[in-house]
Amino acid sequence: MKISLCIPMYNESSIIDRTLKTVSEYMAANFDDYEVIFSDDGSTDGCRNAVESFADSRIRAVGYEVNRGKGAAIRNGVLNAVGDIIVFTDCDLAYGLDVVKGVAKMFQKTPDADVIIGSRNLTKDGYGGYTLLRKLASKAYIKCLCLAAGFKLSDSQCGFKAFRKEMAHKVFSECVVDGFAFDFEVLIMARNMGAVICEMPVRVVNHRDSKVKVFKDSRKMLRDVRMIKKNNRVK
């Protein structure tokens, strides 16, 4: 079973060297067949050059020149991935890397699963290191999405998700949302396509300030949610 690990990045020069070293060492120690794809969202700080010059043939970069948003970067990475299991996580490795091994084992034990999403709400320490405002904002937004779409998922917005290749390519080839609301679009589409979606507990182990601007981005995300619901009738 080949694992594709997709990591979106936008101006990550402050952490990219550390992330490359950590990912390279972990994947080599834990998987026989894998690839790592850094999907560059129009960075201007040279972080893509760092990926392209890194001495690991299983790590590569894809991307485009103009910044479009996290959703666009992940979509680009996923559609370039060839692994049997396609995983994405954030460049700061917020949930660590043991979750990659954990989700691969979960797919093996759960053959009917098409999608496995991380959840910070399945354990008491899932939001470790978050400020109270950020934790409340995250939980409130998730609750709004659950009410809007009838989701029973506990954490639709977690930055760690994994897919079987066929479902990943089927879903992401139809997605259009470039911003932070892309998670909602992905899950709506996957559910409407009949995907079996499961959750696994994750915990924030590496914490940094969010790039989400709570009020500005929340308004845009909610506009995107309305558009997604209009384009994808919730079943």
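User: In which residue is the cysteine sulfur closest to the sulfur of C91?
Analyst: This is a predicted model. A disulfide needs the two sulfur atoms within 2.5 Å. The sulfur of C91 lies 7.1 Å from its closest cysteine sulfur, too far for a bond, and that sulfur belongs to C47.

User: How many disulfides does a search of the whole structure find?
Analyst: A disulfide is a covalent bond between the sulfur atoms of two cysteines. For C91, the closest cysteine sulfur, in C47, is too far away for such a bond. Searching the whole structure gives a count of 0.

User: Is C158 buried or exposed?
Analyst: The cut-off for buried is under 20% relative accessible area. C158 has a relative accessibility of 0%, so C158 counts as buried.

User: How many of the residues of strand β1 are buried?
Analyst: Strand β1 covers residues 3–9 and is largely enclosed by the rest of the structure. I3, L5, I7 and M9 point one way from the strand, and S4, C6 and P8 point the other way. Both sets are buried. The count for β1 is therefore 7 of 7.

User: Which residue is the bridge partner of L5 in β4?
Analyst: Strand β1 also pairs with β4, residues 85–88, in the parallel sense. This pairing has 4 bridges. In β4, the partner of L5 is V87.

User: What is the handedness of the β-α-β unit made by β1, α1 and β2?
Analyst: The strands β1 and β2 run parallel. Helix α1, residues 16–30, belongs to the unit together with β1 and β2. The unit is right-handed.

User: What separates E25 and K21 along helix α1?
Analyst: The side chains of E25 and K21 meet in a salt bridge, with N to O at 2.9 Å. E25 is partly exposed, at 47% relative accessibility. Because E25 and K21 are 4 residues apart in α1, their separation is about one helical turn.

User: What is the relative accessible area of E52, which forms a salt bridge with R48?
Analyst: The closest N and O atoms of E52 and R48 are 3.0 Å apart. Both residues lie in helix α2, residues 47–52, about one turn from each other. R48 counts as partly exposed at 24%. E52 is partly exposed as well, with a value of 47%.

User: How many residues apart in sequence are the parts that the pair D90 and K70 ties together?
Analyst: The side chains of D90 and K70 meet in a salt bridge at 2.8 Å, N to O. D90 lies in the loop between β4 and α4, whereas K70 lies in helix α3, residues 70–80. The pair therefore ties together parts whose separation in sequence is 20 residues.

User: Which residues do salt bridges that share partners join into one network?
Analyst: The structure holds 7 salt bridges. Side chains of opposite charge can pair when their charged atoms come close. Through shared partners, one network is formed by R68, R75 and D178.

Technical notes. Residues are numbered from 1 along each chain as its sequence is written. This is a predicted model: local features need pLDDT of at least 70, side-chain atom pairs count only at pLDDT 80 or more; totals for chains, interfaces and linings use all residues. Side-chain values use heavy atoms; hydrogens and water are left out. Buried means under 20% relative accessible area, exposed over 50%, partly exposed in between (1.4 Å probe, protein chains only). Helices (H or I, at least four residues) and strands (E, at least two) are DSSP runs, numbered from the N terminus. Two strands pair if DSSP finds at least two bridges between them. A crossover is right-handed if, with the strands pointing away from the viewer, the path from the first strand over the helix to the second runs clockwise. A salt bridge is a side-chain nitrogen of Lys or Arg within 4 Å of a carboxyl oxygen of Asp or Glu.
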